[in-house]
Amino acid sequence: MEILQAVVTAVAPPLCAVCGRSCRPEAIVCARCGRRLARAEPLLGKGSPGLDRAWSSAPHEGVARDLVAALKFRRLLPVADLMADRIQWLAPAHMLSGAIVPVPPAPSRLRRRGFDPAGELAAALAERLDSPLEPCLARRGGRRQVGRRRAERLGQPPRIHATGPVPRSVLLIDDVLTTGATMSACAQALRAAGAARVVAVTFARRL
Ligand SMILES: [Zn+2]
């Protein structure tokens, strides 16, 4: 695998996940995009109902938004490492305690993409923080795509439940925080199953 990677690197120099310009080996973004991301301000707040605190490493715009898309839609898995690095460096220490629980994907999206961006980010972060990774939540999907879209349009919260015992102290992880309805549904399911503390950390947040 390493040899294959070396060959690939020799044939095609690594390209920035955001702008596509060549960048130094091992880098995920070029120096210019790295600087733009470094200027993004993290956001800390109370979060949606059910959460104790919520922290995001950047607003969902510019380089941060492009990175979310690169992971989600182009399946550039090393982007999850860059996101986890940024979270580890910038998040206040009190936000990074507890067992790591990824926000569960909608079953239809998981089937379509074949992987789960939030799960990838959660695993990369658990490794860095040496924290337990406990994917103990699942999401029920609408039976038909049409029904699911309609449910979203009507603003119905996603149906999330615990699949087993949940940790007492939870660090919920998602790549991007949008309306907060999903986070609230997760927090509700976790607390119903016995969690006493639920904080949420995301790479980006829609404003
Ligand atoms: Zn770039």
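1. Start with the helices: the axes of α2 and helix α3 (residues 62-74) come within 8 Å of each other and cross at roughly 110 degrees. That puts α2 roughly perpendicular to α3 (the label covers 65 to 115 degrees). Axes here are lines fitted to C-alpha atoms, over the stretch in contact for helices, with angles running from 0 to 180 degrees between N-to-C directions. Helices are DSSP runs of H or I with at least four residues, numbered from the N terminus.

2. A quick word on the source: this is a predicted model, where local features need pLDDT of at least 70 and side-chain atom pairs count only at pLDDT 80 or more. Residues are numbered from 1 along each chain, and side-chain values use heavy atoms, without hydrogens and water.

3. Who touches whom? On the α2 side you'll find C33, R36 and L37, and they meet V63, A64 and L67 in α3 (contact means heavy atoms within 4.5 Å).

4. Now the metal. C16, C19, C30 and C33 coordinate the zinc ion through their SG atoms, at 2.3 Å (donors are N, O and S atoms within 2.8 Å of the metal, or 3.2 Å for Na, K and Ca). The arrangement is tetrahedral because the donor atoms subtend angles of 105 to 116 degrees; the label needs four donors with all angles between 85 and 135 degrees.

5. Along the chain, the donor residues follow the spacing C-x2-C-x10-C-x2-C. C16 and C30 both lie in the loop between α1 (2-11) and α2 (31-38), so this pair ties together parts 14 residues apart in sequence.

6. Are these two cysteines buried or exposed? C16 is buried, at 2% relative accessibility, and C30 is buried too, at 8% (buried means under 20% relative accessible area, with a 1.4 Å probe and protein chains only).

Note on methods:
Four donors count as tetrahedral if all angles lie between 85 and 135 degrees; four count as square planar and six as octahedral if opposite donors are over 155 degrees apart and all others between 65 and 115; anything else is irregular. Helices (H or I, at least four residues) and strands (E, at least two) are DSSP runs, numbered from the N terminus. Buried means under 20% relative accessible area, exposed over 50%, partly exposed in between (1.4 Å probe, protein chains only). Angles under 35 degrees count as roughly parallel, over 145 as roughly antiparallel, 65 to 115 as roughly perpendicular and the rest as oblique.
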